[in-house]
Structures are given as C-alpha cells and as structure tokens.
Amino acid sequence: MSDKSAEAYEVGYGKPPTATRFQKGRSGNPSGRPKKSAQPLDLGLILEAIDNEEIVVRENGKRKPMKKAEIQFRQQFTKAINGDLQTARLLVQMAEEYFAPEASADWETEVIGVTEAKRRFGSNWPKKIDELNAPYRSSR
C-alpha cells in the first residue's frame, strides 16, 4: 500500500521527494540570519558633522550661509564684548591654545582688583571704559 502512494506521488518543481523535505517542527535555517554587529558610536565624528552643517542666516538684511561652529563663535564673541567675563576668559584661553605660536605674543593675563586699577589708571577708570564702550552699546 505504501509502495503505491510513493509511486503515485509526482516529483517536480515545488514538489520535492517526501524523504528530503524539512521535518515538521524543525527550521530549514536553524541559526537564522546573522545579526548586525553593533557599531561603536564615535561622538567626535557626530559632533564634527553637526558643527559643519550649514545654516542660512540673515546678517545685515542679507542671507548668508554659515556653519554652526562659526555661528557659535560669533555668539561667544558678542557675549564677551557685552561684558560676560566667563566667556571672555574662555575666548582668551582658546586663543592662546589655538593661534599659531608665531602670532601669539609673550604676554600673560593679569587679573587686578579695583584698588590696583584705580592706582594704575586713575580714579575715573570705570567712566573712561564706559566712554570707550559707548559706541558698541548704542549699536545694539
């Protein structure tokens, strides 16, 4: 009886022999597709890509493409000029570190108090600084 059913079965395209078919309950690809190996994040490359993105900025009524890093430095300079001492110190440190050694002078930053400033520059030294900075403050 089993011989007749085997002989009656037609083998062909899409009909493999019953002896070579996948067994029930067992996969034809037991290990499956290999998983992708996780690529480590390179934060430096990501930061560089973000800083090098260009944005169109309106400056003096004109559209101008600028990189994000340039915009950030311009904002830092504006803050320093407007009196943010922490930002000014940061810019001085960056200038000392990144400018070419030939371009940098052999001077050191000196922090002095009010008494020493009055002794060196006279008793009206804050008023003189305000007079010098007046053109910059009125243009805001």
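Does Asp84 count as buried, partly exposed or exposed, and what is its relative accessibility? In this predicted model, Asp84 counts as partly exposed, at 28% relative accessibility.

**View 1. Lys79 and Asp84 form a salt bridge.** The closest N and O atoms of this pair are 3.8 Å apart. Lys79 is partly exposed, with a relative accessible area of 42%. In general, side chains of opposite charge can pair when their charged atoms come close.

**View 2. A salt bridge joins the side chains of Glu53 and Lys68.** The N to O distance is 2.7 Å. Glu53 lies in the loop between helix H2 (43-51) and E1, and Lys68 lies in helix H3, so the pair ties together parts that are 15 residues apart in sequence. Glu53 has a relative accessible area of 37%, and Lys68 has one of 28%; the structure holds six salt bridges.

**View 3. Asn60 has a positive phi, near 55°.** Most residues other than glycine have a negative phi. Asn60 is found in the loop between strand E1 (54-59) and strand E2 (62-67). With a relative accessible area of 76%, Asn60 is exposed.

**View 4. Nine nonpolar residues line the second largest pocket.** Among the lining residues are Phe73, Phe77, Leu91, Met94 and Tyr98. The lining includes no polar and no charged residues. Helix H3 (68-81) and helix H4 (85-98) each supply at least two residues of this lining, and H4 gives the most, with six. About 200 Å³ of space lies in the pocket.

Conventions:
Residues are numbered from 1 along each chain as its sequence is written. This is a predicted model: local features need pLDDT of at least 70, side-chain atom pairs count only at pLDDT 80 or more; totals for chains, interfaces and linings use all residues. Side-chain values use heavy atoms; hydrogens and water are left out. On a 1 Å grid over the protein atoms alone, a cavity is a set of points where a 1.4 Å probe fits but cannot get out, and a pocket is an open set with protein on both sides within 12 Å along at least five of seven lines; lining residues have an atom within 4 Å of a point. Grid points are joined across faces, edges and corners, and a volume is the space filled by probe spheres set on the points. Helices (H or I, at least four residues) and strands (E, at least two) are DSSP runs, numbered from the N terminus. Ala, Val, Leu, Ile, Met, Phe, Trp, Tyr, Cys and Pro count as nonpolar, Asp, Glu, Lys and Arg as charged, and the others, Gly among them, as polar. Buried means under 20% relative accessible area, exposed over 50%, partly exposed in between (1.4 Å probe, protein chains only). A salt bridge is a side-chain nitrogen of Lys or Arg within 4 Å of a carboxyl oxygen of Asp or Glu.
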